[in-house]
Amino acid sequence: MKKIENFLFENQDKEYRDFQSKLIPDIEKENFIGVRTPALKKFAKEMLKTGEYAGFLCDLPHKYFDENQLQAFIISGIKDFDSCVGEVENFLPFVDNWATCDQLSPKCFSKNKKELLKYIEKWIKSDKTYSVRFAIKMLMSHFLDGDFDEKYLKTVSAVNSDEYYINMMIAWYFATALAKQYEKALPYIENKVLDIWTHNKAIQKATESYRITPEQKEYLKTLKIKNK
């Protein structure tokens, strides 16, 4: 643990710390060290090579945002699915911000999608904001291409939350679905299935995407809901 703490403070960038703290206002500024992502990723790879990370992963909750980022990068690099998903399960209840949630992206999940779905179904029903966000992100990352099923659109649209970071992920999911599965995703926008804010945000993000045609963008703009 001391070795990890020494590494983090030896790589501190105070200007970057100040920048990060503005992007993630839910965390107190004193809980940022300010280690840049490339350095954290490199250190995570070194820890994965030596295998000296089990104690750190169990030492929850962490004090610093940078420790959570490091944990996300380590878990993302674990190759064995069962070991990886076990660490994800242990870590998710302690994830307290969008950045760490979105950096948690295990590579082995792409080769174990059938097994992954069982966990997604559980996470998306969680009362933890970032467990739900992570579940939707996994559906977006792994189930909008060859493994797509229309039922996943229904699953995400059924999530009912007042949490900004969940609704933003739902909007991101549907914007991506419009880019990859336009004909299947469009009815959810045409029929106004999502709440007004999420509906309009999904359209906004979709119209900013280079993967959607100009004609599709123009039509989507006509589906925006005006706030009363």
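I started at one side chain: a polar atom of the Lys-217 side chain lies 3.4 Å from the backbone oxygen of Thr-207. For a polar contact I need a pair of N or O atoms within 3.5 Å; within protein, one must be able to donate a hydrogen and the other to accept it, and residues adjacent in sequence count only if both atoms are side-chain atoms.

A reminder to myself: this is a predicted model, where local features need pLDDT of at least 70, side-chain atom pairs count only at pLDDT 80 or more, and totals for chains, interfaces and linings use all residues. Residues are numbered from 1 along each chain as its sequence is written, and side-chain values use heavy atoms, with hydrogens and water left out.

Next I asked where Lys-217 sits, and found it in helix α14, residues 214–221. Helices here are DSSP runs (H or I, at least four residues), strands are E runs of at least two, and numbering goes from the N terminus.

Is Lys-217 buried or exposed? I noted a relative accessible area of 18%, so Lys-217 is buried (under 20%; exposed is over 50%, partly exposed in between, with a 1.4 Å probe and protein chains only).

Then I listed partners of Lys-217 beyond its neighbours within four places in sequence: Ala-206, Thr-207, Ser-209, Tyr-210 and Ile-212 are in contact with it, meaning heavy atoms within 4.5 Å. Ala-206 is eleven residues from Lys-217 in sequence, and their C-alpha atoms are 7.4 Å apart.

Last, I zoomed out. I counted 14 helices and zero strands in the chain. Buried residues make up 50% of its 228 residues. The C-alpha trace spans about 55 × 40 × 30 Å along its principal axes.
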